[in-house]
Each structure stands twice: as C-alpha cells, then as structure tokens.
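Here is a short report on one chain. It covers domains, strands and the nonpolar core.

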Amino acid sequence: LSASPPTFELNPMKKKILAAKGGRVIIECKPKAAPKPKFSWSKGTELLVNGSRIRIWDDGSLEIINVTKLDEGRYTCFAENNRGKANSTGVLEMTEATRITLAPLNVDVTVGENATMQCIASHDPTLDLTFIWSLNGFVIDFEKEHEHYERNVMV
C-alpha cells in the first residue's frame, strides 16, 4: 500500500447519528490513509478529550456513554498523517430509549388450549417499533408458523 493522505471520499462519517437517552453511542471515523493517521475530535468548536463519558479509540471511533440531550450537536473527526489531513462531520441526535413497560408473564396452560402472552413497550415517537418474539432463543416466524402462533397488535 503506497503512502497517501487521509481521505473520507470512500467512507464519510454518517450525516445523522442516533443515540438513545442514557445509552451508549459509537461514532465511527474510518478514513483511508497510509500510514495510519492520528485522530482528534471536536463537538462544535470544542476539542474533545478522553474523560469519564467520552473515549477516543485507537481506530478513531468516538464513544460516548450515558448520553444526554447536551450531547446533541455536530461532531467532527480529524485525521492526520505525514502526507496530509482531512475531516468529516456528522450530527448526533438523542432519542428516547425504548423500554418494555409490560413484560410477558409466566403462563400455565393445559396441553391443547390457547396461551396468550402480552408485551407492551414505550419508545421515541419519531422511530418505528418492531416486536420480535423468540422461543428458547429461536425467533418465531409468524408467517411460516401461522397455524401455531398468532400475533395481535394493539395500538
């Protein structure tokens, strides 16, 4: 591989990054460069440094834990090697975390009878929600197994 300055042409940063409130987010920074570049990050005009909630990984990724509304904004990754430098920017937006508010309960059932289990969740209104049910770790395909399983969606 011949030496080349960093470039984000093939792999720009995501323009919009979503992070769940209270969760953890990793913003990737993957320019093409040889030799391997040094990385730095800024939020707006503020240079970021490793701290209790923020970590810049060796591969250039930025990790933020315990995400809050204050973490929203424009993040820029700077990559520099002895051939040159480049940067790429994306916007971080916070969403409400998805939570199960009513979990399925244990059900005793007689063989041959029907059993009903409920699951209710709260989520960010700007996002779509999908429920995935599994039995002993295997995802149930409701279309293939429609004679045995039935899904009722209540809005």
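Two strands pair if DSSP finds at least two bridges between them. Strands are DSSP E runs of at least two residues, numbered from the N terminus. The model is predicted: local features need pLDDT of at least 70, side-chain atom pairs count only at pLDDT 80 or more, and totals for chains, interfaces and linings use all residues. Residues are numbered from 1 along each chain as its sequence is written, and side-chain values use heavy atoms, without hydrogens and water.

**Domains.** Bounds come from an automatic or database domain assignment.

| Item | Residues |
|---|---|
| Domain 1 | residues 4-95 |
| Domain 2 | residues 99-150 |

The C-alpha centres of domain 1 and domain 2 are 38 Å apart. The unreviewed UniProt entry places "domain: Ig-like" at residues 6-93; such annotations may be inferred rather than shown by experiment. Residues 6-93 are 52% strand and 0% helix. Their end C-alpha atoms lie 27 Å apart.

**Strands 2 and 10.** Strand 2 (residues 16-20) pairs with strand 10 (residues 84-95) in the parallel sense, over five bridges. K16 has V91 as its bridge partner in strand 10. I17 and A19 form the covered face of strand 2. K16, L18 and A20 form the uncovered one.

**Core.** A nonpolar core joins buried (under 20% relative accessible area, 1.4 Å probe, protein chains only) Ala, Val, Leu, Ile, Met, Phe, Trp, Tyr and Cys residues through side-chain atoms within 4.5 Å. The largest has 20 residues; V25, I27, W41, L62, I64, Y75 and L92 touch the most other members. Strands 2 and 10 are among the elements that give two or more residues to this core. Beyond neighbours within four places in sequence, L92 has contacts (heavy atoms within 4.5 Å) including I17, A19, V25 and Y75.

How values were computed
Buried means under 20% relative accessible area, exposed over 50%, partly exposed in between (1.4 Å probe, protein chains only). Helices (H or I, at least four residues) and strands (E, at least two) are DSSP runs, numbered from the N terminus.
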